[in-house]
Amino acid sequence: MREPIRLYLADDHPIVRRGIRDLLETEPGISLVGEADNGRDAVAGVEALAPDVILMDLVMPEMDGIAAIHRIKADRPDARILVLTSFATDDKVFPAIKAGALGYLIKDTAPADLLRAIGQVYRGEVVLHPSIAQKLLSEIAGEPPAAAPDPLTPREVEVLQLIARGQSNQEIAEALTISVATVYTHVSNILSKLHLASRTQAALYALREGYSSL
């Protein structure tokens, strides 16, 4: 039996934290290992507890969520962060994704969808609220890449398409009948060739260039 996903929660609203605690009591596959009501404590808590997934609000005292994401990713590049916030404005969405958040949800997300998203982020998948995905696509539509991308091999194109569908490395390996280590190499090559920093950016690139669709 798989160990529960160890979740750390950062949100400055007690009622939100209470609601999420109550929700997680119905989900044995996720265990809340710690929480914070400000970004500074969230950074310290993540460092001490090394959770599997961090559920992060963006507007908090002491240190905002975006700064906290930067700090956490600097210390733990493999940290899997899911943003859950009330804000879908450009000044929140783009910096959070650029800082390294793997997912971005709005607080009107249904409880079942939030639980599903925690599992997806745990597996390394990209999770975006539909309005956020559309916003990001609109922002990058027509923009040239920072540098001309190197051509992808047919296999790398297949991997990119599966990334855009939210597949984890394990799921890509099973779909293509290759090892997870080989998938990891392909993903690294894709990010390098396309001059991208994350799987989220790769998924958005695939959507923009027509390799996949929403």
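Tutor: R17 counts as buried because its relative accessible area is 13%, where buried means under 20% relative accessible area, exposed over 50% and partly exposed in between, with a 1.4 Å probe and protein chains only. This is a predicted model, in which local features need pLDDT of at least 70 and side-chain atom pairs count only at pLDDT 80 or more, while totals for chains, interfaces and linings use all residues. Residues are numbered from 1 along each chain as its sequence is written, and side-chain values use heavy atoms, with hydrogens and water left out.

The partner of R17 is E35, in a salt bridge whose closest N and O atoms are 2.9 Å apart; a salt bridge is a side-chain nitrogen of Lys or Arg within 4 Å of a carboxyl oxygen of Asp or Glu. This pair links distant parts of the chain, with R17 in helix 1 (residues 14–24) and E35 in strand 2 (residues 30–36), 18 residues apart. Helices (H or I, at least four residues) and strands (E, at least two) are DSSP runs, numbered from the N terminus. In general, side chains of opposite charge can pair when their charged atoms come close.

E35 also meets R21 in a salt bridge, at 2.8 Å from N to O. Here too the pair links distant parts of the chain, R21 in helix 1 and E35 in strand 2, 14 residues apart. R21 counts as partly exposed because its relative accessibility is 31%. E35 is partly exposed as well, with a relative accessibility of 31%.

Another salt bridge joins the side chains of E125 and R123, with 3.0 Å from N to O. Salt bridges that share partners also join D11, D57 and K107 into one network. Returning to the E125 pair, E125 is buried because its relative accessible area is 4%, whereas R123, at 39% relative accessibility, is partly exposed. By the salt-bridge rule, the count comes to ten.

D57 also has a polar partner, T85: their side chains are joined by a polar contact of 3.3 Å. A polar contact is a pair of N or O atoms within 3.5 Å; within protein, one must be able to donate a hydrogen and the other to accept it, and residues adjacent in sequence count only if both atoms are side-chain atoms. T85 lies in strand 4 (residues 81–85) and is buried, at 0% relative accessibility. Leaving aside neighbours within four places in sequence, T85 is in contact (heavy atoms within 4.5 Å) with D57, L58, Y104, L105, I106 and K107.
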